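Open the model in your viewer and follow the selections below in order.

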Amino acid sequence: MKAVENGGTSIGIKCKDGVVLAVEKIINSKLLVPGRNKRIQTIDRHVGVVYSGLLPDGRHFVNRGRDEARTFKSTYKTVISVPHLMDRLGIFVQNYTCYNSVRPFGVVSIVGGIDANGPHLYMIEPSGACWGYSGAATGKGRQIAKSELEKLNYEEVTVEEAVKHAARIIHLAHEDNKDKDYELEISWVSHATNGKHEFVPDELVAQARKAAEEEDEEDEEDDEN
């Protein structure tokens, strides 16, 4: 959990028509190529995941999720439902706490997807505990993010609106790391994308981030006045 608390902020928002995932990628070196080393990944066509903590552990978690989804589809000839996938991954993560030959996962993962029963959002902790959420946050700025997520009306918000909220929340959560720049990654899965997990177009992300920064500047000016 210490590794998770020092990681970039990740959030998930369950909307009335889908799910939005977002993450703050701190730029630790000017030598890093922008846009590489994606932190949001796809488990199956209809399921995406974002995580905070030890990145290699996150990739291992994603690979296991892909194996589970592929095996289920091969056996039952249909895509796996999000709750069923979460049950399997929760058991897998919990197994890593049971033996002295392995260590627990150093990531908290937020998984979002859409299936026949609508949108789903889950968060899996290193203990294997798996909970369903309307809004979830983890990482360094999780407390600020959680307080902002609690203000949203999840019965009414759409994925387009959630993208703007996600950019604003990540920007607020970045306050503790103002000395470092960050990249913003946002993805969505909804009926508008035909149930497919995709990255939000760069233009929309740029617009949402610009609006968040302008709103923050206006708030600072109001405080000064």
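**Surface and overall form**

Show the accessible surface of the whole chain, in this predicted model: the chain exposes about 11800 Å², and carbon and sulfur atoms supply 48% of that area. Next, select the charged side chains: 28 are positive and 37 are negative, and the centres of the two sets are 10 Å apart.

Switch to the C-alpha trace, which spans about 60 × 40 × 30 Å along its principal axes. The radius of gyration is 17 Å, which agrees with the value near 17 Å that a compact globule of 225 residues would have. In cartoon view, the chain comes to six helices and ten strands. Of the contacts with a separation of 6 or more, 67% join residues 24 or more positions apart.

**Inside the chain**

Hide the surface; 48% of the 225 residues count as buried. Select Ile11, Ile13, Val20 and Ile186, the residues with the most contacts inside the largest nonpolar core, which has 25 residues. Now colour the elements that give two or more residues to this core: strand 1 (10–14), strand 2 (18–26), helix 4 (142–149), helix 5 (159–173), strand 9 (182–190) and helix 6 (202–224). Helix 5 supplies the largest share, seven residues.

Centre on Ile11. Beyond its neighbours within four places in sequence, Ile11 is in contact with Val20, Leu21, Ala22, Val50, Ile110, Ala136, Ala137, Ala145, Ala166, Ile169 and Ile170.

Finally, select Ile43, Ile80, Leu85 and Ile124, which are among the 20 residues of a second, separate core.

Technical notes: Residues numbered from 1 in each chain as written. Predicted model: local features only at pLDDT ≥ 70, side-chain atom pairs only at ≥ 80, totals over all residues. Heavy atoms only, no water. Core = buried A, V, L, I, M, F, W, Y, C linked by side-chain atoms within 4.5 Å. Buried < 20%, exposed > 50% of the residue type's maximum accessible area, 1.4 Å probe, protein only. Helix = DSSP H or I, 4+ residues; strand = E, 2+ residues; numbered from the N terminus. Contact = heavy atoms within 4.5 Å. Rg over C-alpha atoms; globule rule 2.2 N^0.38 Å. Areas by Shrake-Rupley, 256 points an atom, 1.4 Å probe, with all protein chains shown as cover. Lys, Arg positive; Asp, Glu negative; His and termini not counted. Charge placed at Lys NZ, Arg CZ, Asp CG, Glu CD.
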